[in-house]
Amino acid sequence: MNKVLLFNPRSANNKFRIPNSILQVAASIDGLFEWIIVDGNRETDPYEKIETYLKQADVKYVGFTVMPGPQLKQAIPFAKKIKEDFPNIQQIWGGYFASNQYKAVLESGYVDYVINGPGDTAFPALLKALEENSPIEGISNLIFKKDGKIFKTKKADLPDLNKTPALPYLKLDNFYSLDKYLGNTYLGTRTLAYHSSFGCPFTCSFCAVVPIYEARWKGKSAVLMYEDVMKIKERWGANAIEFHDNNFFVSEKRTVEFAQLIKKENMKWWGEARIDTMHKYKDESLQLIADAGCKMIFFGAETGNDDVLKKMDKGGTQTGKQILEFAARLKKFNIVPEYSFVLGTPADSPELVMKQIDEDIEFIKKVKEVNPDTEIIIYVYSPVPTEGSEMYDKVLASGFKFPVDLDDWLKGEWENFDLRKNPLTPWLTAEIVNKIKNFETVLNAYYPTVSDIRMKPIQRKVIRTLSKFRYKNNWYAFPYELKALQKYWIRYRQPEVQGF
Ligand code: B12
Ligand code: SF4
């Protein structure tokens with residue numbers, strides 16, 4: 001039987017997480033095909049490693065997982081080189097970038113198939129069909145090119161994570177010691193990255209999860225999650241968990257059950273949620289979650305402006321008032337809210353865009369007043385192809401276009417776009433982008449993130465003192481002194497780029 005090589009391109013400079021995407025894909029073919037993993041995070045020259053494996057003639061398929069941003073730096077040139085050096089190898093891409101930008105990926109000529117969303121049934125089905133030379137048109141979640149045209153098959157129901165095969169941690173450990181995947185973070189010295197659900201039931205118009213999951217969510221049972229976590233705790237000594245779900249807290253019942261189980265294990269944990277969902281949680285549930293080790297929760301606050309929240313299709317119930325109330329409420333339970341804001345959404349005129357940003361800055365400062373522990377993450381709005389949404393229609397009408405050529409995604413400006421730092425959207429002038437960035441610099445200086453555990457108390461004190469005047473007096477322009485300190489002295493790590 002032909003072998004499969006699974007590649008996780010480099011995504012972080014340190015604190016490498018368990019490569020859950022590729023591991024879940026490996027689980028789906030485990031026992032059916034022999035597979036090999038190459039993790040770009042753990043290799044100094046991953047291409048050399050890939051080449052060595054490919055020269056062992058029985059590897060016929062290479063699967064890449066690709067999210068936008070830095071992973072493209074290895075994904076694109078490596079796929080190109082594999083096509084040149086090993087033209088008989090079939091290349092299959094999956095992950096958020098591949099699914100959302102499938103046209104550029106397939107038109108490149110070096111990627112043969114794209115798995116659109118979960119690969120749990122599509123990937124083994126595709127490999128089987130290719131091995132047997134049978135038709136692929138009936139396989140769900142697949143995108144491919146035939147006779148010069150791109151075909152997209154229908155989406156299957158979400159996989160039931162209670163039934164999908166367990167992740168092959170032991171096999172991964174044979175390739176790369178699992179030990180080194182348990183990072184020292186704000187949560188604990190040995191932090192496990194765990195993914196317990198697919199999708200999200202909402203349809204926020206700026207979110208890349210929407211075109212892939214189409215407002216569906218399916219979670220693993222609390223008991224299974226607990227059992228998985230315990231396996232890693234007992235064998236490898238995990239003492240904290242980062243839940244990598246898009247929306248971990250969708251079900252209060254599941255969260256409470258999990259909290260009851262994990263409470264006695266003395267583990268700290270973190271996950272992502274919605275404010276309107278969690279504001280409906282009972283006080284007893286929030287208390288239990290806190291007692292069970294939940295230290296911080298990431299929320300998409302987005303903006304304090306109710307009209308913009310509506311335009312973002314933020315589920316219909318989130319409001320500026322609620323965002324503030326909830327930050328204050330979480331303080332009582334000693335859970336840190338990590339609020340993310342999306343600044344720079346389209347408006348009818350440049351003046352209105354600027355006005356909105358000024359109001360958002362004011363609002364973020366209000367959040368800090370009601371709960372100074374709130375961690376603030378600022379993104380500049382970078383469009384995702386959520387076809388049919390009002391916001392995306394506005395984006396297209398403005399003349400914005402995604403690159404057509406896959407290689408263009410490697411250009412610096414598109415990397416900044418992916419990192420949601422500079423979105424290249426026609427309505428954002430350099431002045432506006434600078435304003436957002438300068439405010440972010442001053443804010444991060446006055447309130448350095450607690451998640452950067454390498455920062456020394458003296459560094460926090462100095463930068464806070466230096467930025468106080470600027471923060472208090474709304475003077476954000478040209479904060480070069482703070483930028484220099486953050487870059488050269490503190491080496492400030494933004495949790496949204498590198499993780500905790
Ligand atoms: C972990 C993670 C990271 C880690 C990477 C960790 C690592 N491996 O070292 C860190 C923190 C570094 C990171 C950073 C970024 N990330 Co990130 N990240 C995630 C996160 C939370 C989990 C990924 C994961 O493990 N999923 C679990 C697996 C099981 O699910 P999956 O990836 O969807 O895989 C399934 C399918 O997609 C498919 N599939 C995936 N790969 C493959 C491959 C093959 C061959 C096949 C057949 C199928 C297949 O099958 C899988 C099983 O069903 C996701 C959100 C999420 N919940 O997925 C965001 C996410 C992927 N990240 C995202 C982004 C934008 C980024 C950044 C680029 C920007 C940012 N500021 O957030 C940065 C920069 C990244 C960098 N340095 O490269 C976005 C992508 C959005 C988009 N526009 O497409 C997501 C969706 C978060 C979000 N909701 O916005 N990230
Ligand atoms: S709630 Fe979060 S994950 Fe869900 S669609 Fe909105 S932004 Fe995306």
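This is a predicted model: local features need pLDDT of at least 70, side-chain atom pairs count only at pLDDT 80 or more; totals for chains, interfaces and linings use all residues.
I will start with ligand 1. Its surroundings comprise 43 residues, and the closest are G63, G69, G94, G119 and A208. Several elements give two or more residues to this shell, namely α1 (20-29), β3 (59-65), β4 (90-94), α4 (96-100) and α21 (495-498). Helix α1 provides the largest share, which is four residues. Sorted by class, the shell around ligand 1 holds 19 nonpolar, 18 polar and six charged residues. Two domains take part: domain 1 (3-152) and domain 2 (182-428) each supply at least three residues to the ligand 1 shell.

Now ligand 2. Which residues surround ligand 2? They are C200, F202, T203, C204, C207, V209, V210, N246, N247, R274 and G300. By class, six residues of the ligand 2 shell are nonpolar, four are polar and one is charged.

Reading across, the order is β2-β1-β3-β4-β5-β6-β7, and the pairing is mixed. At the edges are β2 (35-39) and β7 (149-152), each of which pairs on one side only. From one strand to the next, the twist averages 20°. Within this sheet, five bridges link strand β1 (residues 3-8) to β3, and the two run parallel. As a landmark for that pair, look for K3, which stands opposite V59 in β3.

The last stop is strand β11, residues 240-243. Are its residues buried or exposed? A240, E242, I241 and F243 are all buried. A240 and E242 point one way from the strand, while I241 and F243 point the other way. Strand β11 pairs with β8 (residues 191-194) through four bridges, in parallel. In that pairing, F243 of β11 is the bridge partner of Y194. Strand β11 is also joined to β12 (residues 268-273), again in parallel, by three bridges. Here I241 stands opposite W269 in β12. To get from β11 to β12, the chain passes through helix α10 (residues 252-262), and this β-α-β crossover is right-handed.

To recap the ligands, 43 residues surround ligand 1, and the shell of ligand 2 includes R274 and G300.

Technical notes. Residues are numbered from 1 along each chain as its sequence is written. Chains are lettered from A and ligands numbered from 1 in the order in which they are written. A residue is near a molecule or strand if its C-beta atom, placed from the backbone, lies within 6 Å of it. Ala, Val, Leu, Ile, Met, Phe, Trp, Tyr, Cys and Pro count as nonpolar, Asp, Glu, Lys and Arg as charged, and the others, Gly among them, as polar. Domain bounds come from an automatic or database domain assignment. A residue is buried if 20 or more other C-beta atoms lie within 10 Å of its own, exposed if 12 or fewer, and partly exposed in between; C-beta atoms are placed from the backbone. Two strands pair if DSSP finds at least two bridges between them. A crossover is right-handed if, with the strands pointing away from the viewer, the path from the first strand over the helix to the second runs clockwise. Axes are lines fitted to C-alpha atoms, for helices over the stretch in contact, and angles run from 0 to 180 degrees between N-to-C directions.
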